[in-house]
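Me: I'm new to this one. Can you walk me through a few spots?

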Amino acid sequence: MSDNLIIVDENAGVVRLTISRPKALNALNSAVFTELASVLTDLETHHDLRAVLITGAGEKAFVAGADIAEMRDMTPEQARAFAGQALQTLKRLEALPVPVVALVNGFCLGGGCEIALACDWAVASDNAMFGQPEVGLGIIPGFGATQRLPRRVGPAMALDLATTGRKIDATEALRIGLVNRVMPRDALDAYTEELTTQLSGNGPVAVRSAKQAVHDGLDQDLDSALALETSLFALCFAGEEPREGMGAFIEKRKPSF
């Protein structure tokens, strides 16, 4: 397991993925994306999957960026292929039908921030540092930040970060909506357990339907999106989850999904 670039752990249907290149601050290279794609192939057919949590190995970084040593001498064609590999992999991560949550510790820069943006939401330790510093290297973000970042924090703030290359701390990331919560580093593991309990304790069909309604509805006009919500709401009643959930509520017990 120590040789794996992506370490996979599972608890109650919640899978934790750890990007593991700690000596390189978990920098992203082609091998990381190849291994992540292989893991995603397994997750896409995991019928009991409840959620995916993604983090970085070590105390210093979630992901400090793409591997500059690998990128430095790329031709335009090689750069296009590398970006294409990354984009396709992150689109698959984003498209998983269950909640995908980034647990950010330390540096979350460049490609690391782009991984967090491909997740449904992010939780940060108070030592986290975010940024899209690519312009300082003479390039722009290539793994989706120019499109996902403005959708997360608004176009003006996205342009601020992408054109200045400045780094922001966890407090500012929370203020602009880049992350949902900030907590002490030593509380992040406890939060992981709490989140696992929360997500595994809810109706799995309901959770998947909620994600589908939000993601698919964003690309539709309001009336169409509301019709989608109504359809998914109704479909929930085709299974046993509502009976168990509402029955447990009435009987004052925890539901068993």
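Reply: Some terms to begin with. Two strands pair if DSSP finds at least two bridges between them. Strands (E, at least two residues) and helices (H or I, at least four) are DSSP runs, numbered from the N terminus. This is a predicted model, where local features need pLDDT of at least 70, side-chain atom pairs count only at pLDDT 80 or more, and totals for chains, interfaces and linings use all residues. Residues are numbered from 1 along each chain as its sequence is written, and side-chain values use heavy atoms, with hydrogens and water left out.

Me: OK, strands. What is the bridge partner of S125 in β10?

Reply: M183 is the partner of S125 there. Strand β10 covers residues 181-183 and runs parallel to β7, with three bridges joining them.

Me: And how many bridges link β5 and β7?

Reply: Four, also in the parallel sense; β5 spans residues 100-104.

Me: Why is β7 largely enclosed?

Reply: Four of the five residues of β7 (residues 121-125) are buried, so the rest of the structure largely encloses the strand. Buried means under 20% relative accessible area, exposed means over 50%, and partly exposed lies in between (1.4 Å probe, protein chains only).

Me: Is C113 buried or exposed?

Reply: Buried, with a relative accessible area of 2%.

Me: What about the surface? Which residues form a nonpolar patch?

Reply: I68, L137 and I139 do, with about 260 Å² of accessible area together. Patch residues have over 30% relative accessible area and no salt bridge; like charges are joined within 9 Å, nonpolar side chains (Val, Leu, Ile, Met, Phe, Trp, Tyr) within 5 Å. A salt bridge puts a side-chain nitrogen of Lys or Arg within 4 Å of a carboxyl oxygen of Asp or Glu. Areas come from the Shrake-Rupley method with a 1.4 Å probe; for residues, only the protein chains shown count as cover.

Me: Where does I68 lie?

Reply: In helix α2, residues 68-71. I68 is partly exposed, at 46%.

Me: Last one. Which loop holds L25?

Reply: The loop between β2 (14-19) and α1 (30-44). N26 is found in that loop too. Phi is near 55° for L25 and near 60° for N26. Most residues other than glycine have a negative phi. L25 is partly exposed, at 28%, while N26 is buried, at 0%.
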